Amino acid sequence: MSKGILYDATMCIGCKQCEQACATENGLPYDDKIAAQEVTSAHKYTTVLVKDDKFMRRLCMNCDDPACASVCPVGAMKKTALGPVTYDKSRCMGCRYCMAACVFSVPKYEWDKAVPGVRKCIMCSKRVIAGKPTACAEICPTGATKFGDRDELLEEAKKRMHDNPGNYLPHIFGETEVGGTSVMLLSSIPFNQFGYRTDLTERALPMYTYQVLSRIPDFVPLFGTMLGGIYWITHRREDVAEAEAEEKRQKGGGR
Amino acid sequence: MTIPRVRFTFWKAIFLFIMAAGVYCTYLRFFRGLGAATHLSDQFPWGLWIGFDVMCGVMLAAGGFTLTAAVEIFNIERFHSIVRPTILTAFLGYLLVCAALMYDLGLPWNIWHPLIMRNPHSVMFEVAYCVMFYTTVLALEFSPIVLEHFKLKRTLQVVRSLMVVFVILGVLLSTLHQSSLGTLYLIMPNKLHPFWWSPLLPVFFFLSAIAVGLAMTIFESSMSSKYFGRELELPILRELGRVLVVVLALYGILKLEDLYHRGVLKLAFVAGYEQRFFVLEMVLSVIAPLGLLLIPKVRESAQGLYLAAVLTLLGFVTNRLNVTITGVENAVGGRYTPKWTEVVITAMFVALGFAIFGLAAKYLPIFPEEKAHIPALREPAFEEFAVPVHAGD
């Protein structure tokens with residue numbers, strides 16, 4: 001069963017304990033200065049955005065069919081069956097296609113290191129394998145960040161919206177965006193006020209490339225035969241010329 | 001054996017200056033990291049090195065497969081005398097692309113990983129294999145030139161007998177590679193501006209590569225006649241000019257149709273940041289060269305062809321930079337301008353390209369049918385860099 005995270009902004013009090021727990025889990029530094037940074041970076045995998053008395057989290061959406069994993073030439077990024085999208089630096093060659101392809105601009109780079117890697121939230125993959133919730137969900141004092149089976153979380157999100165229609169926008173961000181994501185968000189104010197794009201395609205992004213790439217194996221023998229065929233046809237001239245010359249020689253000899 | 005006099009010329013001074021700066025920037029890149037050597041950021045993981053050195057490098061090398069296809073596969077013998085310089089350019093271009101990739105990759109020593117860690121769903125994986133195989137094929141296509149020079153007849157015979165296979169492979173790999181650089185961006189429908197994101201991206205990249213291949217051949221021939229005292233093959237260039245007209249027209253029409261059907265055409269007439277770059281690109285790449293080449297007087301003259309070719313090159317360089325940089329600026333919310341170190345490294349590769357081409361043209365039978373030709377009075381541009389090995393031959 002694929003796991004997921006449901007973040008309900010209406011229950012969030014902006015305590016930022018999720019940020020701290022995330023930093024501890026991933027061995028990242030955390031202090032007041034970093035807490036004040038409302039952007040994710042190579043040293044901050046999640047952040048709580050504050051807008052007046054409203055809050056919103058940013059973290060890797062852990063897409064169901066992630067662009068980053070699809071574009072990685074060496075398979076360093078992987079979508080695991082449990083939900084997390086993981087990264088293996090020992091495979092990475094640093095082409096940064098994952099960063100260019102991610103529509104949420106989630107993967108960050110260690111630009112200042114001579115041996116850099118990609119950094120991002122991996123939905124606490126190790127904890128999830130061990131059957132534990134993510135660090136951010138475990139610490140959340142109000143239950144705003146909830147960990148569980150994605151299908152169940154989706155049902156719960158729909159139920160909350162149904163029970164309190166005035167409390168929520170009628171939109172579960174991540175239900176269908178880019179084919180669905182493991183992380184889903186609920187909010188009372190428009191998502192684009194927190195920089196989330198609401199014009200995203202509902203198609204899984206890798207399908208855009210797959211419809212071209214999948215044709216290549218068929219294309220190669222066809223195109224190769226065509227080129228060889230054209231060569232064969234256009235070089236007939238030389239064969240004809242040779243044959244004619246041969247004929248002439250024989251005629252000349254017979255005389 | 002005479003050792004050429006070492007003289008200090010303007011171009012040599014420029015070359016040495018760029019190389020010296022390049023060495024310093026190389027140090028910065030590999031010892032201080034990408035952050036210190038570039039303006040790349042989490043918003044702009046790809047910048048000048050991908051946009052120019054790789055995207056344009058591959059595109060400018062397209063003359064190799066365009067001309068070998070015309071001569072070897074379509075058997076247009078008239079073009080035979082200009083094939084070798086285009087193969088040299090392509091081979092050099094790909095070698096420089098590989099070198100530039102070593103600068104841009106975060107962990108360049110892992111560049112061989114795609115050999116054993118495969119993700120066939122990745123366009124980058126396809127690109128990696130195309131670069132690898134096509135560079136090998138180009139080396140083989142180029143090898144007769146070296147074998148001739150060293151008079152290795154037996155090996156030359158073997159290579160020649162297999163040349164058809166190399167040529168077909170080369171055209172196939174180029175077709176895949178040129179188009180796949182466009183396919184790279186198919187996965188960014190919500191990131192790349194609709195002027196440039198299109199389901200037809202691979203087709204546009206392929207068509208423009210052919211146009212650039214032709215333009216590059218005209219450019220090269222003009223330069224060679226200027227600096228290596230070669231006679232200008234004007235009749236051939238005129239014919240290439242005509243082919244260029246057709247390819248540019250096809251590209252332009254397809255572009256119009258594509259923009260129209262996606263409802264983006266009207267945006268081209270609304271002033272805006274992307275619109276300015278888009279109009280610049282379209283004027284340079286299609287409108288201006290087509291307009292020039294449709295005038296018979298221009299199409300027939302050496303200067304006219306040269307100008308149209310240069311415009312085409314500039315236009316499609318603008319296109320590749322627009323796709324890599326301009327087109328994503330709005331989506332990621334920021335602007336990117338390369339750091340001086342990035343520009344120096346790029347300039348270093350361009351200068352190396354020119355210098356090595358000059359050296360090869362001087363010492364290898366690149367223009368074989370003119371072996372007995374006495375160099376013109378004008379001095380070869382890169383004689384100064386010559387290694388005095390075969391100078392006395």
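1. Confidence. The scores for the model are ipTM 0.88 and pTM 0.89. For chain B the average pLDDT is 89, and 91% of the residues reach at least 70. Residues 370-393 of chain B are a stretch with pLDDT below 50, although the model gives this stretch 37 contacts beyond near neighbours in sequence. Where pLDDT is low, predicted coordinates should not be read in detail. I would keep that in mind for the 37 contacts of residues 370-393 of chain B.

2. Contact between the chains. Chain A puts 49 residues into the contact and chain B puts in 43 residues. On the side of chain A that touches chain B, the elements giving two or more residues are helix H3 (67-71), helix H4 (97-101), strand S6 (108-109), helix H8 (206-213) and helix H9 (216-234) of chain A. Of these, H9(A) gives the largest share, with nine residues. Sorted by class, this side of chain A consists of 31 nonpolar, eleven polar and seven charged residues.

3. Nonpolar core. The largest nonpolar core contains 175 residues. The residues with the most contacts inside this core come from chain A as Cys68(A), Val71(A), Cys98(A) and Ala101(A), and from chain B as Ala211(B), Val212(B) and Ala215(B). The element that gives the most to the core is helix H8 (residues 201-227) of chain B, with 14 residues.

4. Strand S1 of chain A. How many of the residues in strand S1 (residues 3-8) of chain A are buried? The count is six of six. Cover is found on both faces of S1(A): Lys3(A), Ile5(A) and Tyr7(A) are buried on one side, and Gly4(A), Leu6(A) and Asp8(A) are buried on the other.

5. Partners of S1(A). With strand S8 (residues 145-149) of chain A, S1(A) pairs in the antiparallel sense over five bridges, and Leu6(A) has Lys146(A) in S8(A) as its bridge partner. With strand S9 (residues 183-186) of chain A, S1(A) pairs in the parallel sense over four bridges. In that pairing Asp8(A) stands opposite Leu186(A).

6. Strand S2 (residues 47-51) of chain A runs antiparallel to S3(A), and five bridges join them. Val50(A) stands opposite Phe55(A) in S3(A), while Lys51(A) is bridged to Lys54(A) in S3(A). Two residues lie between the strands of this hairpin, where Asp52(A) takes a positive phi near 55°. Strand S3 (residues 54-58) of chain A is mostly covered, with four of its five residues buried.

7. Thr86(A). This residue belongs to strand S5 (residues 85-87) of chain A. Why does Thr86(A) count as partly exposed? There are 17 C-beta neighbours inside 10 Å of Thr86(A), whereas a buried residue needs 20 or more and an exposed one has 12 or fewer. Its contacts, leaving aside neighbours within four places in sequence, are Lys78(A), Thr80(A), Ile122(A) and Ser125(A). Of the pair Thr86(A) and Ser125(A), the C-alpha atoms are 7.1 Å apart in space and the residues 39 apart in sequence.

8. Met161(A). Helix H7 (residues 150-163) of chain A holds Met161(A). Met161(A) is partly exposed because 17 other C-beta atoms lie within 10 Å. Not counting residues up to four places away in sequence, Met161(A) touches Tyr168(A) and Pro170(A). From Met161(A) to Ile172(A), eleven residues apart along the chain, the C-alpha separation is 9.2 Å.

Technical notes. Residues are numbered from 1 along each chain as its sequence is written. Chains are lettered from A and ligands numbered from 1 in the order in which they are written. This is a predicted model: local features need pLDDT of at least 70, side-chain atom pairs count only at pLDDT 80 or more; totals for chains, interfaces and linings use all residues. Two strands pair if DSSP finds at least two bridges between them. Two residues are in contact if their C-beta atoms, placed from the backbone, lie within 7 Å. Ala, Val, Leu, Ile, Met, Phe, Trp, Tyr, Cys and Pro count as nonpolar, Asp, Glu, Lys and Arg as charged, and the others, Gly among them, as polar. pLDDT is the predictor's confidence in each residue, from 0 to 100. A nonpolar core is a set of buried Ala, Val, Leu, Ile, Met, Phe, Trp, Tyr and Cys residues joined through C-beta atoms within 7 Å.
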